[in-house]
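Hi everyone, thanks for coming. Let me put today's structure on the screen, and then I'll walk you through it.

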Amino acid sequence: MKTSKLTNNELIKNIQKGQLRTDLPEIHSGDNISVYIKISEGAKTRLQRFDGTVLRVRGKDLSKTFIIRKESSGIGVEETFHYHSPLIVKIEIKKHGKVRRSYISYMRKRSGKLAKIKSA
């Protein structure tokens, strides 16, 4: 009688499969999105929205992350999110952007009209 043994990689993939989220849309760099996050302050929890342009999407499976940049009062604010995080309630795509790079770091130097991205 032969017993099948799981390797460490197969075991990790089986555990991670249950934690992957399928309810979120696929995002790419250049997209203009809104991310709704659960914030807990003491005993209370509330939703906070973060609007901005996706600078980079990196990784796959549970290690997938993305960076969003917005400009608030003339100051650039960037936030990194884990795509499969349970703290993310939903992601809304406002506009798909047409860019030729996977990491649009040059957007950090731009503001105002220069920071516009063409729609796809």
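**Rings, cores and overall shape**

Let me start with a detail: Lys70 lies over the face of Phe50, 4.6 Å from the ring centre. By "over a ring" I mean that NZ of Lys or CZ of Arg is within 6 Å of the ring centre and within 35 degrees of the ring normal. Lys64 does likewise with Tyr83, at 4.4 Å from the ring centre.

A word on the source: this is a predicted model, where local features need pLDDT of at least 70 and side-chain atom pairs count only at pLDDT 80 or more, while totals for chains, interfaces and linings use all residues. Residues are numbered from 1 along each chain as its sequence is written, and side-chain values use heavy atoms, with hydrogens and water left out.

Now the layout. Read from the N terminus, the order is α-β-β-β-β-β. The radius of gyration, taken over C-alpha atoms, is 18 Å, well over the 14 Å that the globule rule gives for 120 residues, so the chain is more spread out than a compact globule. That rule is 2.2 Å times the number of residues to the power 0.38. Along its principal axes, the C-alpha trace spans about 70 × 45 × 20 Å.

How much of the chain counts as buried? The share is 28% of the 120 residues, with buried meaning under 20% relative accessible area, exposed over 50%, and partly exposed in between (1.4 Å probe, protein chains only).

Let's go inside. A nonpolar core here is a set of buried Ala, Val, Leu, Ile, Met, Phe, Trp, Tyr and Cys residues joined through side-chain atoms within 4.5 Å. The largest one has 13 residues, and Ile33, Val35, Phe66, Ile68, Phe81, Ile88 and Ile91 have the most contacts inside it. Strands E1 (32–41), E2 (44–58), E3 (65–72) and E5 (88–95) each give two or more residues to this core, and E1 supplies the largest share, three residues. A second, separate core of five residues includes Leu55, Ile67, Ile104 and Ile117.

Take Val35 as an example. Leaving aside residues up to four places away in sequence, Val35 touches Gln48, Arg49, Phe50, Phe66, Ile68, Ile88, Lys90 and Ile91; a contact means heavy atoms within 4.5 Å.

Back to the rings. Rings of Phe, Tyr and Trp (its six-membered ring) pair if their centres lie within 6.5 Å; planes under 30 degrees apart count as stacked, over 60 as edge-to-face and the rest as tilted. How many aromatic pairs does the structure hold? There are three. Phe66 and Phe81 make a tilted pair, 5.6 Å centre to centre with 35° between the planes. This pair links Phe66 in strand E3 with Phe81 in strand E4 (residues 75–82), 15 residues apart. Phe66 is buried at a relative accessible area of 1%, and Phe81 is buried at 8%. Phe66 also pairs with Tyr83: their centres are 6.2 Å apart and their planes at 75°, so this pair is edge-to-face. Together, Phe50, Phe66, Phe81 and Tyr83 form one aromatic cluster.

Finally, is Gly112 buried or exposed? At 59% relative accessibility, Gly112 counts as exposed. Gly112 sits in the segment after E5, with its C-alpha atom 28 Å from that of His82.

Definitions and conventions:
Helices (H or I, at least four residues) and strands (E, at least two) are DSSP runs, numbered from the N terminus.
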